[in-house]
Amino acid sequence: MNRPVRAVAHQPVRRPSLTEWVEGLPGLSGRARRLLLEGDTERRYAGRTAADSGYRLTMTLAVAVSQPGREWTLAQWWEALVLRPTVGGAWARSLRSRKGERYAEGKLAGMLDKARAFVGTSGAIVCRADAMVAIARLRAAVEAVV
């Protein structure tokens, strides 16, 4: 017996919005999510130039994704900053367009390695006072970069 063939309408696969995609990233704090999505709206990481500010913001994000239990791979780091149109990744995308993909990948990998080393030397934060000391140390390290 021959059955008639029915055409099945397939629903197009809905891609998540940028906000939904960032919300689904592993191990990001609320502040790190905002930095990635909105950039430095509070000017906490402002530098002398736009490039300096971009570097500081990117280094701050590198520290955020290098925390124990939250370590991102280089591929996740590259995707969040370069392949997706996040505001927090504007400096990385600019670096890629100015200096090339190989240079940008090396620079971003170096920043991630530096953040991991910095986080690795830090002790566990168990109270608010420890957190304030760690924040002050991190801010001083970011501001010391020429």
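**Rings, pockets and a cavity**

K99 lies over the face of Y103, 5.2 Å from the centre of the ring. That's one detail of this predicted model, so keep in mind that you're looking at a prediction. Elsewhere there's one aromatic pair in the whole structure, a largest pocket of about 800 Å³, and one cavity of 30 Å³ or more. Let's take them by topic.

**The aromatic pair**

- Searching the whole structure turns up one aromatic pair, and its partners are Y55 and W91.
- An angle over 60 degrees counts as edge-to-face.
- Y55 sits in helix α3 (residues 50–64) and W91 in helix α5 (residues 90–99), so the pair links distant parts of the chain, 36 residues apart.
- Are these two residues buried or exposed? Both Y55 and W91 are buried.

**The largest pocket**

- This pocket has a volume of about 800 Å³, and 28 residues line it.
- If you want to find its centre, look for V63, Q67, I125, I135 and L138, the lining residues that lie nearest to it.
- Two or more lining residues come from each of α2 (30–38), α3, α6 (101–120) and α7 (128–144).
- Which element gives the most to this lining? That's α7, with nine residues.
- By type, the lining splits into 17 nonpolar, five polar and six charged residues.

**The second largest pocket**

- Here the volume is about 170 Å³.
- The lining has 13 residues, and D40, A50, S53, G54 and L57 are the ones nearest the centre.
- Helices α3 and α5 each supply at least two of the lining residues; these are also the helices that hold Y55 and W91.
- The biggest contribution comes from α3, with four residues.
- Sorted by type, you get seven nonpolar, four polar and two charged residues.

**The cavity**

- How many cavities of 30 Å³ or more does the structure hold? There's one.
- The largest cavity has about 30 Å³ of space in it.
- Its lining is made up of L36, L61, V65, W72, W77, A80 and L81.
- Helix α4 (residues 74–83) provides the largest share of that lining, three residues.
- The cavity lining has seven nonpolar residues, with no polar and no charged ones.

Notes. Residues are numbered from 1 along each chain as its sequence is written. This is a predicted model: local features need pLDDT of at least 70, side-chain atom pairs count only at pLDDT 80 or more; totals for chains, interfaces and linings use all residues. Side-chain values use heavy atoms; hydrogens and water are left out. Rings of Phe, Tyr and Trp (its six-membered ring) pair if their centres lie within 6.5 Å; planes under 30 degrees apart count as stacked, over 60 as edge-to-face and the rest as tilted. Buried means under 20% relative accessible area, exposed over 50%, partly exposed in between (1.4 Å probe, protein chains only). A charge sits over a ring if NZ of Lys or CZ of Arg is within 6 Å of the ring centre and within 35 degrees of the ring normal. On a 1 Å grid over the protein atoms alone, a cavity is a set of points where a 1.4 Å probe fits but cannot get out, and a pocket is an open set with protein on both sides within 12 Å along at least five of seven lines; lining residues have an atom within 4 Å of a point. Grid points are joined across faces, edges and corners, and a volume is the space filled by probe spheres set on the points. Ala, Val, Leu, Ile, Met, Phe, Trp, Tyr, Cys and Pro count as nonpolar, Asp, Glu, Lys and Arg as charged, and the others, Gly among them, as polar.
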